[in-house]
Amino acid sequence: MQLSRMFFTEKYKGTRNYLKSQKKYEILRTCLYFGISLSLFAAGYISTGTRLNLLTVVAVLGCLPASKSAVTMIMFLRFTGCSNQDADLIEAHSAGLSCLYDMAFTSYRQNFNIAHLAVKGNTVCGYACEGGLDEQAFYKHIEDILKLEGLTGVSVKIFRDLNKYTGRLDQMQKLETHEAGTSKIIAALKSVAL
């Protein structure tokens, strides 16, 4: 049984409060991994009276997955998700749309924190609650990702104002589009998000 299933409500990428749940999971996992390495080192030192033993080697090797987990934890701690207040308002306007919450996209040059994405047909709209998002770089990044998946002609728009975004969600509900592309777009977005 996975550690996340034992201690937390199971959250999947793109669901509401995903980042909050994942942060807790990554912190716990990192502490557990380092705790195991530390306890192995302590057990070897206590039993032999020296740090020159086999358990020290195992403890040092155990620091490799612990360090990898720490890097992942730091990545998740850098991002914030959609607030409950914003999510409640968005849910009131997103009936019938395929939605993704708490999407953190990383690129070589910068990271993009998107609180909510709605997809219908070949239209993708998003809400970024934090300032500092370079919209043009985000559009280019997402366009490149979708092209790699063979998806062209996809319209992407990010809103910073929640009222304008909910208005656009209402408009998207009235769009008549083919839903076949929606699942492919969602899969492509999830595959590159943190």
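The model is predicted: local features need pLDDT of at least 70 and side-chain atom pairs count only at pLDDT 80 or more, while totals for chains, interfaces and linings use all residues. Residues are numbered from 1 along each chain as its sequence is written, and side-chain values use heavy atoms, with hydrogens and water left out.

Helix α2 covers residues 18–48 and helix α3 residues 54–77. Helices (H or I, at least four residues) and strands (E, at least two) are DSSP runs, numbered from the N terminus. The axes of α2 and α3 come within 8 Å and cross at roughly 165°; axes are lines fitted to C-alpha atoms, for helices over the stretch in contact, and angles run from 0 to 180 degrees between N-to-C directions. The two helices α2 and α3 are therefore roughly antiparallel to each other, a term for angles over 145 degrees, with those under 35 counted as roughly parallel, 65 to 115 as roughly perpendicular and the rest as oblique.

Next comes the sheet. It is open, with 4 strands in the order β1-β2-β3-β4 and mixed pairing; two strands pair if DSSP finds at least two bridges between them. At the edges lie β1 (98–106) and β4 (155–159), each of which pairs on one side only. From one strand to the next, the twist averages 30°.

Strand β3 (residues 123–127) runs parallel to β4 and is joined to β4 by 5 bridges. Within this pair, Thr123 stands opposite Ser155 in β4. Between β3 and β4 the chain goes through helix α5 (residues 135–148), a right-handed β-α-β crossover: with the strands pointing away from the viewer, the path from the first strand over the helix to the second runs clockwise.

Helix α4 (residues 84–93) packs on the sheet, touching β1, β2 (111–120) and β3, and its direction makes about 135° with that of β1. Contact here means heavy atoms within 4.5 Å.

Helix α4 also packs with helix α6 (residues 162–174), at an angle of about 25° and with the axes 9 Å apart. Helices α4 and α6 are therefore roughly parallel to each other, and their crossing is right-handed. From α4, Asp86, Leu89, Ile90 and His93 meet residues of α6, including Leu162, Tyr165 and Gln173.

Notes:
Left-handed = near helix turned anticlockwise from the far one by under 90°.
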